[in-house]
Amino acid sequence: MPFYYELEPKDKTDRRIAQKLLKLREVMAAEIPERTLNESLLLATWNIREFDSSKYGERSKEALYYIAEIISHFDIVAVQEVNADLKALRDLMEILGDWWEYIITDVTAGTAGNRERGAFVYDSRKVKFGGLSGEIVVPPKGKMEPAEQLARTPFVCGFEAGWLRVEICSVHIYYGQSKAFDPKRLKEIQWLSDFLAARVGETEAWARNLVLLGDFNVFATKDQTFKAIEKNFFIPPQFKELTSNASRNRHFDQMGFTSRAFDADYVREHLKTFPAGVFDFFNHVYTDEEEKLYAPQIGQAYEVNKRGEPRTDRQKRNYYRQWRTFQMSDHFPMWIELKVDYGKPYLESIAKGGGKVKFD
């Protein structure tokens with residue numbers, strides 16, 4: 001339930017924004033399950049491109065309204081590419097309302113880190129932060145030999161919702177070369193997958209359920225990078241046909257699941273039945289048909305290139321499509337509805353005298 005107090009009925013632009021927000025509500029209600037209090041958890045991951053960067057001009061209030069409306073349809077969202085400057089995130093939280101909370105990492109230093117943060121944004125009426133929060137680092141090889149770290153530090157937190165107690169690790173894996181195979185990208189995924197799978201099995205693990213999600217920069221499901229996630233984590237088949245980038249030709253974003261609370265067969269059989277998807281917001285906001293509407297907001301860069309040469313209509317269209325990804329994102333949110341009410345199977349196990357069953 002985001003708050004839109006600043007929108008004015010006498011303002012033509014505000015009326016259009018209100019119409020768009022109503023449309024977003026309508027289509028998301030049709031595509032995404034309704035949020036419940038007890039039965040399920042709507043989990044999403046979303047790389048919000050350079051949130052926020054001035055590369056193509058700062059995000060408008062309009063874009064923040066749309067982002068807030070989208071996030072409000074989920075219970076918890078792992079956000080990648082949060083900028084060092086938190087102004088945009090704080091503005092977003094103000095729109096979402098007081099019961100929405102966030103947890104963030106510090107800035108990842110170094111060129112490869114791009115001064116990014118990881119974040120979890122969640123509705124505290126539904127989701128409880130369990131106290132676990134950390135950035136994953138590669139252990140040293142020896143007493144004085146620091147190990148090579150991931151380009152952007154993975155962020156893991158513990159959350160509770162209903163009967164479910166779960167660690168969620170959000171990642172933004174190294175991109176490198178613009179092709180399916182990059183050795184460093186593959187190495188990062190392989191190490192992290194092995195490391196987390198081993199940790200969740202340890203007796204001192206905070207929870208026995210773990211979700212590994214985020215932007216893995218996977219090009220296709222046949223690639224080694226995808227298989228490296230699948231080695232230790234179950235990726236529901238619902239995701240395998242879904243592309244998550246704005247061009248709809250890459251499988252960059254993924255969700256993998258592992259558990260020591262549930263057996264492997266239970267995880268595979270149940271997760272593949274849960275509703276899941278990717279929400280393509282460019283079908284509804286900042287559409288191709290609205291290019292001319294936003295041209296004045298883009299400014300002179302829409303008309304001429306850096307050399308001062310006039311852009312062709314095709315070049316204008318390409319620039320608009322790039323510009324809008326810095327208003328919204330070049331990734332679409334990926335989501336799944338998880339079951340969190342295990343009261344009935346727990347009671348059934350007691351009633352049958354089979355002993356207590358743990359679901360945490």
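## Burial and overall form

Of the 360 residues in the protein chain, 53% are buried. The model is a predicted one. Its secondary structure comprises 11 helices and 11 strands.

The radius of gyration of the protein chain is 21 Å, which agrees with the value near 21 Å that a compact globule of 360 residues would have. Along the principal axes, the C-alpha atoms occupy a box of roughly 75 × 50 × 35 Å. Among contacts with a separation of 6 or more, 74% join residues 24 or more positions apart.

## Surface and charge

The protein chain exposes about 17,300 Å², and carbon and sulfur atoms supply 50% of this area. The chain carries 52 positive and 54 negative charges, whose mean positions lie 3 Å apart.

Helix α8 spans residues 291-298, and its residues E291, Y294, A295 and I298 are buried. These residues lie on the same side of α8, because they cover an arc of only 135 degrees around the axis. An α-helix has 3.6 residues a turn, so residues three or four places apart point the same way. On the other side of α8, K292 and P296 are exposed.

The cover over the buried residues of α8 includes the helices α1 (12-31), α2 (61-71), α9 (300-303) and α10 (313-327). After α8 comes G299, which has a positive phi, near 95 degrees.

Note on methods: Residues numbered from 1 in each chain as written. Predicted model: local features only at pLDDT ≥ 70, side-chain atom pairs only at ≥ 80, totals over all residues. Heavy atoms only, no water. Helix = DSSP H or I, 4+ residues; strand = E, 2+ residues; numbered from the N terminus. Rg over C-alpha atoms; globule rule 2.2 N^0.38 Å. Buried < 20%, exposed > 50% of the residue type's maximum accessible area, 1.4 Å probe, protein only. Contact = heavy atoms within 4.5 Å. Areas by Shrake-Rupley, 256 points an atom, 1.4 Å probe, with all protein chains shown as cover. Lys, Arg positive; Asp, Glu negative; His and termini not counted. Charge placed at Lys NZ, Arg CZ, Asp CG, Glu CD. Arc of directions from axis to C-beta.
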